[in-house]
Amino acid sequence: MSDDYTKNLVAGFIERCRKNGLKITPQRLAIFRELLKMQIHPSADMVHKSIAEEYPTISFDTVNRTLLTFAEIGVIETVESHSGVRRFETDTAPHHHLHCVVCGQIIDFCDPELDEIRVPDQVREGFTVLGTRVVIRGICRKCAGVAGKDTVPVGGIPHE
Ligand SMILES: [Zn+2]
Ligand SMILES: [Zn+2]
């Protein structure tokens, strides 16, 4: 990730907070920056652990509440997770997810064709669609390796 890219995201974050009347405190900025650094769609707990090194007095509750506020004003997104733990990410541009069912890792990928996915009419009838995302569930390379399969091709799921 380039410095310019980060700078733009932080600038966008600050602007968005201002528009929504959210005060930009050093703590809030630190939480956003931490989330930017973590490319793993972390849970609030993971963000808290990571930021506690720099801000030892910050509580889990503060981090969790701050993340939810960020999601409310749209500077970050919550990610669907099958374990029931809410996870967060700063990338609000269209993209899709690979979800490893073993380690829980969520990996981003882009595919313009998938961005154009058609939402069925019967869904649109009773449901306001805000966005679509494809989630591919499977086993990541690392987890497949642990199971004794070092050379599982991307997208491949070991059988046995
Ligand atoms: Zn995995
Ligand atoms: Zn993502």
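Hi everyone, let me start with Gly74: this glycine follows helix α4, and its phi is positive, near 85°. Before I go on, this is a predicted model, where local features need pLDDT of at least 70, side-chain atom pairs count only at pLDDT 80 or more, and totals for chains, interfaces and linings use all residues. Residues are numbered from 1 along each chain as its sequence is written, while chains are lettered from A and ligands numbered from 1 in the order in which they are written.

Helices here are DSSP runs of H or I with at least four residues, strands are runs of E with at least two, and both are numbered from the N terminus.

Now α4 itself. Residues 60–73 make up this helix of 14 residues, and from first C-alpha to last it reaches 20 Å, close to the 20 Å expected at 1.5 Å a residue (that is, 1.5 Å times one less than the number of residues).

Which residues of α4 are buried? Val63, Thr66, Leu67 and Phe70. They sit on the same side of α4 because they cover an arc of only 100° around the axis, taken from the directions from the helix axis to the C-beta atoms. On the other side, Asp61, Arg65 and Glu72 are exposed. Buried means 20 or more other C-beta atoms within 10 Å of the residue's own, exposed means 12 or fewer, partly exposed lies in between, and C-beta atoms are placed from the backbone.

On to the sheet, please. Three strands form an open sheet, ordered β4-β3-β5, with mixed pairing; strands pair if DSSP finds at least two bridges between them. Strand β3 (residues 96–100) runs antiparallel to β4, joined by four bridges. There, His99 stands opposite Ile106 in β4.
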